[in-house]
Amino acid sequence: MEKVYQGKTKDVFALDNGNYLLKFKDDCTGKDGKFDPGENSVGLTIEGVGDVNLRMSIYFFEKVNAAGIKTHFVNANLSDTTMEVLPAKVFGHGLEVICRHKAVGSFIRRYGEYIEEGADLPAYVEMTFKNDEKGDPLVTKEALVALGIMTETQYENIKKMTQDITKIVADDLLEKGLVLYDIKFEFGYDANGDVMLIDEIASGNMRVYKDGEYIDPMTLSELFFA
């Protein structure tokens with residue numbers, strides 16, 4: 001297999017059948033040794049986190065696919081922590097899509113003078129460019145369209161898909177007594193320009209609380225699969 005991309009939490013390999021293979025790693029984004037899904041650099045390594053991230057991704061990708069929402073998921077192999085996915089082009093040089101149910105993290109850092117930490121948000125969707133040097137800057141729909149990165153239709157599709165997928169995840173967590181505060185996704189598009197969910201759906205990409213207390217990714221995965 002040919003390695004085509006080395007990411008922070010996953011490496012990507014090209015397969016002979018035209019699909020790609022994602023190899024999940026134990027690295028997590030964060031700062032000063034603390035996990036933070038909003039950070040843009042690897043902050044720590046947690047043994048076994050790649051395995052649990054893959055397990056949770058399989059679980060939710062299958063649910064999302066069953067709901068009729070297009071994803072890149074094909075199959076997975078837990079023995080070598082890999083997931084086979086369909087080819088997809090990313091928007092621009094990479095775009096992150098965040099759905100927020102509560103005001104925490106970078107949202108409260110930006111807008112804390114207008115809202116209390118932990119306040120409810122209406123499945124608020126925002127997009128940021130993946131650019132470490134510029135701190136993953138926010139970008140509006142109008143800018144994305146003006147820059148030729150996506151069409152208005154693609155933007156609206158991503159927004160709706162994001163809110164629908166977030167509801168699937170949040171409802172599932174709530175059944176286990178867990179509250180989703182926010183979650184980060186990535187989207188791409190196929191040869192026909194149709195939008196699909198890519199990357200992963202895992203504890204490392206979400207903030208979850210139980211009884212008002214933040215749950216770290218490994219503990220979340222343990223609680224989720226208990």
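How many positive and negative side chains does the chain have, and how far apart do the centres of the two sets lie? In this predicted model, there are 25 positive and 39 negative side chains, and 2 Å separates the centres of the two sets.

The overall build comes next. Five helices and 16 strands make up the secondary structure assigned to the chain. Its radius of gyration is 17 Å, close to the 17 Å given by the globule rule for 226 residues, so the chain is as compact as a globular protein of that length. Of the 226 residues, 48% are buried. Contacts can also be sorted by sequence separation: among those between residues at least 6 apart in sequence, 55% join residues at least 24 apart.

Strand 10 pairs with strand 11 (residues 120-129) through seven bridges, and the two run antiparallel. Within this pairing, Val97 has Met127 of strand 11 as its bridge partner. Strand 10 is also joined to strand 13 (residues 179-189), here by five bridges and again in an antiparallel arrangement. On that side, the bridge partner of Glu96 is Glu186 in strand 13.

Technical notes
Residues numbered from 1 in each chain as written. Predicted model: local features only at pLDDT ≥ 70, side-chain atom pairs only at ≥ 80, totals over all residues. Heavy atoms only, no water. Pairing = 2+ DSSP bridges. Helix = DSSP H or I, 4+ residues; strand = E, 2+ residues; numbered from the N terminus. Rg over C-alpha atoms; globule rule 2.2 N^0.38 Å. Buried < 20%, exposed > 50% of the residue type's maximum accessible area, 1.4 Å probe, protein only. Contact = heavy atoms within 4.5 Å. Lys, Arg positive; Asp, Glu negative; His and termini not counted. Charge placed at Lys NZ, Arg CZ, Asp CG, Glu CD.
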